[in-house]
Amino acid sequence: MIRRLRRRHRTIIVGLCLLVPPAYALSLATRHPEALTTRLPLALSDPAAPPWQVLAVRQVLVGKIVLSTRLLADSASPRHLVLELAPVTDPREPDPLVYWSPDPAPSQGGLPAGAFLLGSLAGTRIRSFALPADAVGREGRVVLYSLGHQRLIGEFALATTSLLGTGP
Amino acid sequence: MSAFYRAVGWSRQKLIYDGLVVAGVALYVVLFVGTSFGLQPDITIETALIRGLGSGALVLLTLILCIGPLCRLDPRFLPLLYNRRHLGVTMFTLGLAHAVFSVIQFHAAGDLNPLVSALTGTWSVPPLDRFPFELLGFGALLILFLMAATSHDYWLATLTPPIWKALHQLVYFAYGLIVLHVALGALREERQPGLALLAGLGLVAVFGLQLVSGLRERAGDREVGGSRSDGFIEVCGVEEIPELRAKMACVGGERIAVFRYDGKVSCVSNVCAHQNGPLGEGRIVDGCITCPWHGYQYLPDRGSSPPPFTEKVPTFNVRVRAGRVYIDPHPNPPGTRVEPASIHD
């Protein structure tokens with residue numbers, strides 16, 4: 001009676017030993033790398049970092065959100081671009097995310113294919129986003145997407161070709 | 001142990017035990033929330049509380065699962081076992097509070113029923129980043145609810161100890177589900193290596209201790225191979241049994257406990273009628289075999305609890321010949337009196 005219970009107990013433990021620790025390790029091993037934007041503010045705030053050159057300043061209306069934007073380039077490495085966004089008005093959108101899309105044509109309602117996630121734009125504080133290497137020297141668009149509502153908030157064109165003078 | 005029904009047989013020890021548990025849990029949650037605010041100033045009180053309750057439940061479950069094997073390996077841990085069920089109910093309460101607060105915090109503000117939202121929100125299995133870890137926690141909570149609801153002695157007596165214990169062995173599956181719930185949930189976002197390391201250490205402690213004690217128990221299940229005489233099997237020498245204690249042996253597929261006391265030897269089943277505790281690891285107190293787990297008592301020659309108590313365990317016929325103890329492997333019905341064998345025969 002009790003001996004059978006002990007045998008079953010041993011079987012359960014051995015079985016779980018073979019299943020749970022490997023599944024735990026697999027889960028930790030497959031964690032995606034941290035978002036790129038978490039690295040950027042460090043670079044910008046690093047006093048030892050080279051000065052940032054302002055390439056363009058403008059104010060845009062994205063949906064109902066007024067954004068003050070600055071495009072910055074690393075003086076030492078001009079192809080390293082940073083987009084700075086400062087909401088002038090509260091976005092009032094749940095979980096707004098910022099994407100860069102290589103497609104210069106306006107989006108057809110949904111998130112464009114191949115859109116590159118830059119980061120989150122929650123709140124009204126100034127955010128800085130590192131643009132991907134593909135964004136250098138070409139025309140693209142910056143897209144705001146509400147994760148909470150699963151819909152496009154708005155977008156604006158971002159052309160870096162003329163600013164840098166050469167194509168990729 | 002009580003002769004009449006009482007919802008909870010409170011004793012001074014239980015009150016102290018429960019007081020320490022409640023104080024420990026409260027201290028843990030307060031320290032966790034305080035430390036969270038220190039390390040992450042942006043965190044909200046709701047999030048800190050949800051994490052504190054959830055991690056508190058996991059820590060408590062890890063401790064609960066370590067108590068059993070620790071007691072098998074070292075009897076000094078037995079006081080922790082005495083009221084383990086209250087520890088389990090406390091752990092379930094923490095887990096339930098974690099689940100309820102999480103559902104309210106993350107799923108109650110939408111159009112969808114909060115429970116439906118919680119259990120269907122992340123159904124996309126691959127990649128693991130969006131694994132529905134909430135389902136794992138929900139499954140574990142169901143098992144823990146079942147265990148907490150049947151934790152009372154009423155259910156132990158109604159279901160019988162073997163079925164009750166089989167039911168409560170589900171706790172190991174609940175633990176596996178919770179570990180994966182944490183790994184595929186909180187640990188995918190929280191990158192501090194210390195958290196993953198702590199959860200991993202808990203995993204190693206639980207399964208390591210269970211494996212070691214399980215292997216040790218396996219050795220105790222080997223049948224005695226002593227000589228036979230008139231159907232009696234030789235199990236040990238009288239001098240191998242300490243006074244007022246027992247020598248355990250495996251006879252006829254089950255363990256028996258041979259007790260020595262007052263120049264006599266008696267033999268009973270090793271399985272306590274209450275919760276199948278190991279009587280042979282107990283000792284004779286006030287003339288009664290006393291179970292080390294919860295203090296249930298039996299007269300060594302009768303295998304029955306002293307009146308007015310009614311618990312009974314099987315007894316075995318016993319002989320002593322030339323300083324060796326012989327046992328009839330066929331058990332007598334529970335509570336049958338057997339004349340003790342004199343060790344001077």
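Q: In chain B, what share of the contacts between residues at least 6 apart in sequence join residues at least 24 apart?
A: That share is 55%. Contact here means heavy atoms within 4.5 Å of each other.

Q: OK, and what kind of model is this?
A: It's a predicted model, where local features need pLDDT of at least 70 and side-chain atom pairs count only at pLDDT 80 or more, while totals for chains, interfaces and linings use all residues; side-chain values use heavy atoms, with hydrogens and water left out. Residues are numbered from 1 along each chain as its sequence is written, and chains are lettered from A and ligands numbered from 1 in the order in which they are written.

Q: How many helices and strands does chain B have?
A: Chain B has 11 helices and 12 strands. Both are DSSP runs numbered from the N terminus: helices are H or I with at least four residues, strands are E with at least two.

Q: How much of chain B is buried?
A: Of its 345 residues, 47% count as buried. Buried means under 20% relative accessible area, exposed means over 50%, and partly exposed is in between, using a 1.4 Å probe and protein chains only.

Q: What about chain A, what's its pattern along the sequence?
A: Chain A reads α-α-β-β-β-β-β-β-β-β-α, which comes to three helices and eight strands. In chain A, 40% of the 168 residues are buried.

Q: Switching topic: how many residues are in the largest nonpolar core?
A: There are 64. A nonpolar core is a set of buried Ala, Val, Leu, Ile, Met, Phe, Trp, Tyr and Cys residues joined through side-chain atoms within 4.5 Å. Tyr24(A), Leu144(B) and Phe207(B) are among those with the most contacts inside the largest core. Helix α2 (residues 45-73) of chain B gives the most to this core, with 11 residues.

Q: What does Leu144(B) touch, leaving aside its neighbours within four places in sequence?
A: Leu144(B) is in contact with Met91(B), Phe92(B), Val171(B), Ala174(B) and Ile178(B). Apart from that core lies another one of 22 residues, including Val62(A) and Phe156(A).

Q: And Leu94(B), is that one buried or exposed?
A: Leu94(B) counts as buried because its relative accessibility is 8%. Leu94(B) sits in helix α4 of chain B. Its C-alpha atom and that of Ala57(B) are 5.4 Å apart, though 37 residues separate the two along the chain. Leaving aside neighbours within four places, the contacts of Leu94(B) are Val25(B), Leu53(B), Gly56(B), Ala57(B) and Leu60(B).

Q: Which residues of helix α8 in chain B are buried?
A: In α8 (residues 161-168), they are Pro161(B), Trp164(B), Lys165(B) and His168(B). These cover an arc of only 95° around the axis, which puts them on the same side of α8(B). The arc is that of the directions from the helix axis to the C-beta atoms.

Q: Now the strands: why call β5(B) largely enclosed?
A: Five of the six residues of β5 (residues 264-269) of chain B are buried, so the rest of the structure largely encloses it.

Q: How does β4(B) pair with β5(B)?
A: Strand β4 (residues 254-261) of chain B runs antiparallel to β5(B), over six bridges. Two strands pair if DSSP finds at least two bridges between them. β4(B) and β5(B) form a hairpin with two residues between them, and Asp262(B) in the turn has a positive phi of about 50°.
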